[in-house]
Amino acid sequence: MPTGFRFRDLPFAALPGWPEDRHGEAMAAFLLSAARMADDPPRTRTLGVDGAALARIAGAALAAAPFDDRSARAFFETRFRPVAVEPAEGAPFLTGYFEPEVEGSLVPTTRFTVPLLRRPDDLVDIRDHNRPPGLDPAFAFARASADGIVPYHDRAAIEDGALAGRGLELVYLEDPVEAYFIHVQGSARIRLAGGGTLRVTYDGKAGWPYTSIGRLLVERGVAPAAEMTADRLIAWLKADPVRGRALMRENRSYIFFRETPDLDPTLGAVAAAGVQITPGRSLAVDRLLHTFGTPIFLDADLPLGPDGARMPFRRLMVAQDTGSAIVGPARGDVFVGCDAEAGRRAGLIRDVPRAFVLLVPKE
């Protein structure tokens, strides 16, 4: 077993709130992954949840559908066993994310000047077999050049025109801060000036490690960590655009996007596991540790009530996404939803759950 944490077997009866959860909602999210697994079984990751076994259970779920809350609960209890993940140091940690909705244009105008870019054709996925000597192991993407594979242009270089003239502009936004947070969230709904909505999602990144600019402001004494919410960070960035731009550039990571048409409007974007994510049921996890499609039960109190009031959050999630900042065996990012209110609530979540429990295939 990898170091840095331990597993602890639990009975379902030990999961607080398990009987009261709406298991049919969790099953609906799991079935989205199940349909994907039928054609593409997930890779078994470091924590050891077997992708082939998970795919077999997914097939059984597809065959048994539809489910109500009672039958879904029985299915999970029959096919899985709960295993708590407990870090050797520190504690489990949860944040929240959402799908922003902003205005934009397919062509540049005097109002809409900030582009989101498509993936360039010289961006290369880096794996062990093609990683050149000396390239930082943190780089999952790099650039194919005449001199071989080299680090890609970073945020500052791209904003200064390193990719200009290549026709990569997918859509234009009004506000560079909005564009930055779409990079952080990895997807967006864009209401187009000419009518209609364009949905975009992550399609690769420049490769540079992600840097939390909120953490940088905390380190520089702008605000204590407990007060550095997304709303406060956005206000700081917009209050002084010159300093704000300089701070955003300290996060050298840069995200590329693709259009995703014909999506279910009640669900989020197509995420890293290849399925649309479900508000309140999809969880972003460390992709190197967790097998996509794994059900994960959380027991926490999260600020999801009126005016940020804390409410019990005891529910079964499904590992369906990832993110550069989501690192560790008991680190999760809860997908909250797809509107401004979801964004406000997501920005408040920085919490230690009481339990982070994998449902591991019994077989």
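Predicted model: local features only at pLDDT ≥ 70, side-chain atom pairs only at ≥ 80, totals over all residues.
Strand β4, which covers residues 101-105, is joined by four bridges to strand β10, residues 187-192, and the two run parallel. In general, the strands of a sheet pair through backbone hydrogen bonds, and they do so either parallel or antiparallel.

Strand β10 is in turn joined to strand β11, residues 197-205, by five bridges, and these two strands run antiparallel. Four residues lie between the strands in the hairpin of β10 and β11, where glycine 195 takes a positive phi near 105°. Strand β10 is mostly covered, since five of its six residues are buried.

Taken as a whole, this open sheet has six strands in the order β5-β9-β4-β10-β11-β12, and its pairing is mixed. The edges are formed by β5, residues 114-117, and by β12, each of which pairs on one side only. On average, and with direction ignored, neighbouring strands of this sheet are turned by 45° against each other. Helix α5, residues 176-185, packs on the sheet and touches β4, β5, β9, β10 and β12, while its direction makes about 20° with that of β5.

A second open sheet is formed by nine strands in the order β1-β2-β18-β14-β15-β13-β16-β3-β17, again with mixed pairing. Its edge strands are β1 (5-9) and β17 (350-351), each of which pairs on one side only. Within this sheet, strand β13, residues 282-284, runs antiparallel to strand β16, residues 331-337, and two bridges join them; alanine 284 stands opposite aspartate 333 in β16. Helix α9, residues 340-348, lies across β3 (93-98), β16 and β17, and runs at about 160° to β3.

The largest nonpolar core has 28 residues, of which Trp18, Met27, Phe30 and Phe76 touch the most other members. At least two residues of this core are supplied by each of α1 (23-39), α2 (51-64), α3 (69-79), β2 (80-87), β15 (311-321) and β18 (355-361), and the largest share, seven residues, comes from α1. Phenylalanine 76, when its neighbours within four places in sequence are left aside, is in contact with Phe12, Trp18, His23, Ala26, Met27, Phe30, Pro295, Leu316 and Leu359. Apart from this core lies another, of 27 residues, which includes Val85, Phe98, Ala300 and Leu358.

The geometry of helix α1 can be checked against expectation: its 17 residues, at 1.5 Å a residue, should span 24 Å, and because its end C-alpha atoms are 25 Å apart, the two values agree. The buried residues of α1 are His23, Gly24, Ala26, Met27, Ala29, Phe30, Leu31, Ser33, Ala34 and Met37, and they pack against α2, α3, β2, β14 (295-302) and β15. An α-helix has 3.6 residues a turn, so residues three or four places apart point the same way.

Asparagine 251 lies in the loop between α8 (241-249) and β12 (255-259). Its relative accessible area is 2%, and asparagine 251 is therefore counted as buried, the limit being under 20%. The side chain of asparagine 251 reaches the backbone nitrogen of threonine 211 at 3.0 Å. Residues up to four places away in sequence not being counted, asparagine 251 touches Arg155, Tyr180, Pro209, Tyr210, Thr211 and Ile213.

Note on methods
Residues numbered from 1 in each chain as written. Heavy atoms only, no water. Core = buried A, V, L, I, M, F, W, Y, C linked by side-chain atoms within 4.5 Å. Buried < 20%, exposed > 50% of the residue type's maximum accessible area, 1.4 Å probe, protein only. Contact = heavy atoms within 4.5 Å. Expected span 1.5 Å × (residues − 1). Polar contact = N/O pair within 3.5 Å; in protein donor to acceptor, adjacent residues only side chain to side chain. Pairing = 2+ DSSP bridges. Axes fitted to C-alpha atoms, helices over the stretch in contact; angles between N-to-C directions.
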